[in-house]
Amino acid sequence: MTAFRPDNGPPSRTAGEIDDPGRRRPPGGGEPSGTRPEPGVLPSALRPALGPVAVLAALLVAVLGVLYAGHDSPGPLDGWFRPERDGVAPPWRYAALAVDFLAEPAGAAVLLSAAVAGCLVRRRPRAAVFLVVGAVLTVGVTKVLKPLVGRTIHDGFLSYPSGHTGFLTAFAVMVALLVAGRLGLRRTPGVLLVLASALVAGAVMGWAQVALGAHYPTDVLGGWGTALAVVPVTAWLVDRTAARCRRD
């Protein structure tokens, strides 16, 4: 008599499962299925909306750059406020200087260091990389555009687009993206959070730059648009690079 052998018996375990029964390996090796990869910095729900926003922002920067290329005076859109060399008088000047400091090298380093440290504490290295790369690229683009546009203020200082406005707007947008992803916001509330953050940060820093006489209002608008154009693209590139590295 032969021994009974069921057709649907349990599959044989691999050597790895025998050594550690609690550790289940996916087919083909790799990390255990229980290990959750870090979430992306660009929430999937926001991608369809932020793509067009980035394109429109880039068009805004380009149009303003063409309109004011080589100019050394306020344009029609700047007529409501003509910045003086010394800017506004105290006490508003003190408030403007405090806001301006946030985008100076020391102030920007403090903001970024605090945000990066928070990401690393929460074990989100991809988010930390995103914050640094997004800020560097935004400021870098403004520095490249300034000599190309050639707009000046006060004895030849290149002014378009505003790097200070670009930095603080980019920082606010990046933080808003991370918060939207963390909270799992859907498209409408997520996009509203991102745009509201961009508007508030851009308006506050923009006011400070114009009030101090460092930029024309349209310089500020150009810096704001630069951030909205650069940050979504940076987020997409960071996520794509991380996914490729994980596959390899």
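This is a predicted model: local features need pLDDT of at least 70, side-chain atom pairs count only at pLDDT 80 or more; totals for chains, interfaces and linings use all residues.
Taken as a whole, the protein chain has eight helices and two strands, and, if we read from the N terminus on, the elements run α-α-α-α-α-β-β-α-α-α. Of the 248 residues in the protein chain, buried residues make up 41%, while the chain exposes about 14300 Å², with carbon and sulfur atoms supplying 65% of that area. As for how the chain meets itself, if we take the contacts with a separation of 6 or more, 78% of them are accounted for by residues 24 or more positions apart.

Let me now turn to helix α8, which covers residues 217-247, and begin with T218, whose place is in this helix. Is T218 buried or exposed? Its relative accessibility is 2%, and because buried means under 20%, T218 counts as buried. Once we leave aside its neighbours within four places in sequence, T218 is in contact with L64, Y68, L77, D78, R151 and Y160.

R247 is also found in helix α8, and here the relative accessibility is 63%, so that R247 counts as exposed. Which residues gather with R247 in a patch of positive charge on the surface? They are R240, R244 and R246, which together with R247 form that patch.

Notes:
Residues are numbered from 1 along each chain as its sequence is written. Side-chain values use heavy atoms; hydrogens and water are left out. Patches are made of residues with over 30% relative accessible area and no salt bridge: like charges are joined within 9 Å, nonpolar side chains (Val, Leu, Ile, Met, Phe, Trp, Tyr) within 5 Å. Accessible areas come from the Shrake-Rupley method with a 1.4 Å probe; for residues, only the protein chains shown count as cover. A salt bridge is a side-chain nitrogen of Lys or Arg within 4 Å of a carboxyl oxygen of Asp or Glu. Lys and Arg count as positive and Asp and Glu as negative; His and the chain ends are not counted. The place of a charge is taken as NZ of Lys, CZ of Arg, CG of Asp or CD of Glu. Helices (H or I, at least four residues) and strands (E, at least two) are DSSP runs, numbered from the N terminus. Buried means under 20% relative accessible area, exposed over 50%, partly exposed in between (1.4 Å probe, protein chains only). Contact means heavy atoms within 4.5 Å.
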